[in-house]
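I opened my notebook to go through one chain from end to end. My notes follow the order in which I looked things up.

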Amino acid sequence: MNLTVVRGDTKQLSFCRKDDEGNAITTIAEKIYFTVKKSNLPTEYLLQKTISDMTFDNDGTYHFKLEASDTESLATGTYKYDIQVNVDGKKKTISKGNLVVKNRTATKNLEMVRGDSETFTFKRK
């Protein structure tokens with residue numbers, strides 16, 4: 001699964017653990033780890049977050065968020081991520097893929113001004 005985040009923004013993430021038959025696993029994991037790396041090499045961590053502030057639904061879905069500070073220092077680009085759970089003292093990777101980090105748009109500090117023609121221009125506030 002691929003994820004996209006805006007650098008420096010908070011992002012809500014959700015996932016569901018499933019067994020080999022595709023049924024939701026409703027046993028709550030002891031810990032969740034969210035890791036971001038430049039490549040698939042196991043020791044090149046750019047971010048490794050232990051998730052303790054999460055919610056868990058009865059259908060087996062976990063909800064957690066990446067804080068703005070988690071992605072603020074990441075340059076724009078594509079990285080590798082994985083989500084691991086710790087259950088009964090064992091770590092298991094349950095999701096992995098590409099994490100695309102994008103810049104914020106420049107419109108945050110702009111205002112729209114009507115020009116003489118029927119076009120609009122933007123200027124910094």
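How many helices and strands are in the chain? I found 1 helix and 10 strands. Helices (H or I, at least four residues) and strands (E, at least two) are DSSP runs, numbered from the N terminus. Along the sequence I read the pattern β-β-β-β-β-β-α-β-β-β-β.

Before going on, I noted the ground rules. This is a predicted model, where local features need pLDDT of at least 70, side-chain atom pairs count only at pLDDT 80 or more, and totals for chains, interfaces and linings use all residues. Residues are numbered from 1 along each chain as its sequence is written, and side-chain values use heavy atoms, with hydrogens and water left out.

**Whole chain**

I looked up burial next. Of the 125 residues of the chain, 29% count as buried. Buried means under 20% relative accessible area, exposed over 50%, and partly exposed in between (1.4 Å probe, protein chains only). I then checked contacts (heavy atoms within 4.5 Å). Among those in the chain between residues at least 6 apart in sequence, 56% join residues at least 24 apart.

**An open sheet**

I traced an open sheet of 3 strands, in the order β2-β6-β5, with antiparallel pairing. β2 (11-16) and β5 (55-56) stand at its edges with a single partner strand each, so one side of each has no neighbour in the sheet. Two strands pair if DSSP finds at least two bridges between them. I found 2 bridges joining β5 to β6 (residues 61-66).

**The largest pocket**

Which elements give two or more residues to the lining of the largest pocket? The pocket has a volume of about 160 Å³, and those elements are β7 and β8. β8 gives the most, with 4 residues. I listed some of the lining residues, including C16, R17, V85, D88 and K90. By kind, the lining divides into 5 nonpolar, 1 polar and 5 charged residues.

**D88**

I came back to D88, one of the lining residues of the largest pocket. Where is the place of D88? I found D88 in the loop between β7 (77-87) and β8 (90-102). D88 has a positive phi of about 55°, although it is not a glycine. Is D88 buried or exposed? D88 is exposed, with a relative accessible area of 67%.

How values were computed: 1 Å grid on protein atoms, 1.4 Å probe; cavity = no way out; pocket = protein on both sides within 12 Å on 5 of 7 lines; lining within 4 Å. Points joined across faces, edges and corners; volume = space filled by probe spheres on them. Nonpolar A, V, L, I, M, F, W, Y, C, P; charged D, E, K, R; others polar.
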